[in-house]
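Subject: Structure handover and findings

Hello,

The structure we talked about is below. Please look it over before reading on.

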Amino acid sequence: MVAYDLEHIPIVDLANKIIVTAVTSRASDIHMDPVDEGLKIRFRIDGALQDHTIIPREYERNLTTRIKLIANMNITETRLPQDGAIKGRIDDRDLDMRVSALPTNEGEKIVIRILDYTRSLAGLESLGFSHKNFEKVKRMLEVPNGIILVTGATGSGKSTTTYSMLQELNKEYTNIITVEDPIEMNIEGINQVQVNSEIGLSFAAVLRSILRQDPNIILIGEIRDSETAQIAVRASITGHLVLSTIHTNNSLSTIERLLDMDVERYLLSSALTGIISQKLARTLCPHCKKLRKTTLFEKQVFKQVLNKNVVEVFEAEGCDKCINGYRGRQAIQEVLVIDDEIRDALSNENISKDELRHLVYSRDVSTLLQDGLEKVLEGYTTFEEIYKLIEIENDLDELYDDVLVKARQKLEEEDQKEKEEPTNE
């Protein structure tokens, strides 16, 4: 925990110092949580929250007011949630942040999202796609019309991936229009529209107007409801390439989600070009990672999923250049290109979920689990990190068989037996 000399630091300088420290620490978010002692400041670094400092209660109101002021928020309103943005230079750094204020029983909680566009600007090559998946994505982008969906949980890098694809498609001869809420990154040569629900400027309303603007490519920030999904799918079958994001876990659940949104099967089968599902795993620190022997369960998983005999994997150690052995994050991806056989199956109302799953994963598709385990073998991340991100037993039970579950049980039984055996001292 950092201690600030609050008696001698003006609130303006304190706010700047906290923000700059978060940026230099590679934080994605700053959390200002009201607690009994005052305001607890935490940074989210590589997906995990780290305590930074506690601002005493007598300075709490001044600090939250300063943050709201530079974010162009109403400083007199403390009873309702508010959103704002901070753009500008602080201590010679160009910063772009989103600010959210939420009233709680202890006071106002402030969260600042720090937007980092370096990955998006670096292009698709920097996103950690395997060679096979990268070639699939390139093929998708060459299709003149259809819909490409990027799926995953909040904070899984969906926007980074979609912006990287836009950079790839941004040519002089194309008319690209986006509809976003909010616009996260200004891109030269692209027409970007900010949604404003208060005046009726919704995703669906903007989409209808966009189709009269002669676009080649349309980016929809997020498919949130049935109306947006249906307009997006219809736009993609009328000669437009549509990119969008949706909150689902994998390719199969994305298809099911769109069908639940009342998108007609015959339209979906014609429109869908591909699905990119992703999660973010913490990356091993290159300075302190070390090899260790695999456990029985890990050997069984690698053998069953990748058909490889793996005797050693890297594990996190921890040093002064990282946090608990990790530094940065790496995308784990699943890329599905829709082919004619899947299109025919989507049009069939009688196909079962199990049949569709078998059809989807019988293609040359690396599941999230397979891609994650490959990145473990390459030394990018750890088995523990993949185990935490992906429900391994569920995936194996659905996609393979129950051998791994039994192996897991056997391992746990052996560990328990070792604990129960008396030790000779």
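What follows is a summary of the findings, from the whole chain down to single residues.

Overall shape

Please keep in mind that this is a predicted model. The secondary structure consists of 16 helices and 15 strands. Along the principal axes, the C-alpha atoms occupy a box of roughly 80 × 65 × 40 Å.

Of the 425 residues, 47% are buried. Among contacts with a separation of 6 or more, 63% are between residues 24 or more positions apart. The accessible surface is about 21300 Å², and carbon and sulfur atoms account for 45% of that surface. As for charge, there are 52 positive and 72 negative ones, and their mean positions lie 2 Å apart.

Two buried glutamates

Glu-298 is part of helix α10, which spans residues 296-306. Its relative accessibility is 5%; buried means under 20%, so Glu-298 counts as buried. The side chain of Glu-298 has a polar contact at 2.8 Å with the side chain of Arg-292. Leaving out residues up to four places away in sequence, Glu-298 touches Arg-292, Lys-293, Val-313, Phe-383 and Glu-384.

Glu-222 sits in the loop between β10 (217-220) and α7 (226-236). Glu-222 is also buried, with a relative accessible area of 18%. Its side chain makes a polar contact with the side chain of Arg-224, at 3.3 Å. Beyond four places in sequence, Glu-222 touches Phe-203, Thr-228, Ser-244, Thr-245 and His-247.

A buried valine and a buried helix

Val-137 belongs to helix α4 (residues 131-142) and is buried at 1% relative accessibility. With neighbours within four places in sequence set aside, its contacts are Leu-124, Phe-129, Met-165, Ile-276 and Val-335. The C-alpha atoms of Val-137 and Asp-29 are separated by 29 Å, and the two residues are 108 apart along the chain.

Helix α13 (residues 368-377) has 8 of its 10 residues buried, so α13 is largely enclosed by the rest of the structure. The buried residues include Asp-371 and Lys-375 as well as Leu-368, Leu-369, Leu-373 and Val-376. Just after α13 comes Gly-379, with a positive phi of about 85°.

Backbone details

Which peptide bond is cis, with omega near 0°? The bond from Asp-181 to Pro-182 is. Pro-182 lies in the loop between β8 (176-180) and β9 (191-194).

Two asparagines have a positive phi. Asn-72, in the loop between α2 (57-70) and β4 (82-90), has a phi of about 60° although it is not a glycine. Asn-72 is exposed, with a relative accessible area of 69%. Asn-324 has a phi near 55° and is located in the loop between β14 (312-315) and β15 (326-337). At 58% relative accessibility, Asn-324 counts as exposed.

Regards

Definitions and conventions: Residues are numbered from 1 along each chain as its sequence is written. This is a predicted model: local features need pLDDT of at least 70, side-chain atom pairs count only at pLDDT 80 or more; totals for chains, interfaces and linings use all residues. Side-chain values use heavy atoms; hydrogens and water are left out. Helices (H or I, at least four residues) and strands (E, at least two) are DSSP runs, numbered from the N terminus. Buried means under 20% relative accessible area, exposed over 50%, partly exposed in between (1.4 Å probe, protein chains only). Contact means heavy atoms within 4.5 Å. Accessible areas come from the Shrake-Rupley method with a 1.4 Å probe; for residues, only the protein chains shown count as cover. Lys and Arg count as positive and Asp and Glu as negative; His and the chain ends are not counted. The place of a charge is taken as NZ of Lys, CZ of Arg, CG of Asp or CD of Glu. A polar contact is a pair of N or O atoms within 3.5 Å; within protein, one must be able to donate a hydrogen and the other to accept it, and residues adjacent in sequence count only if both atoms are side-chain atoms.
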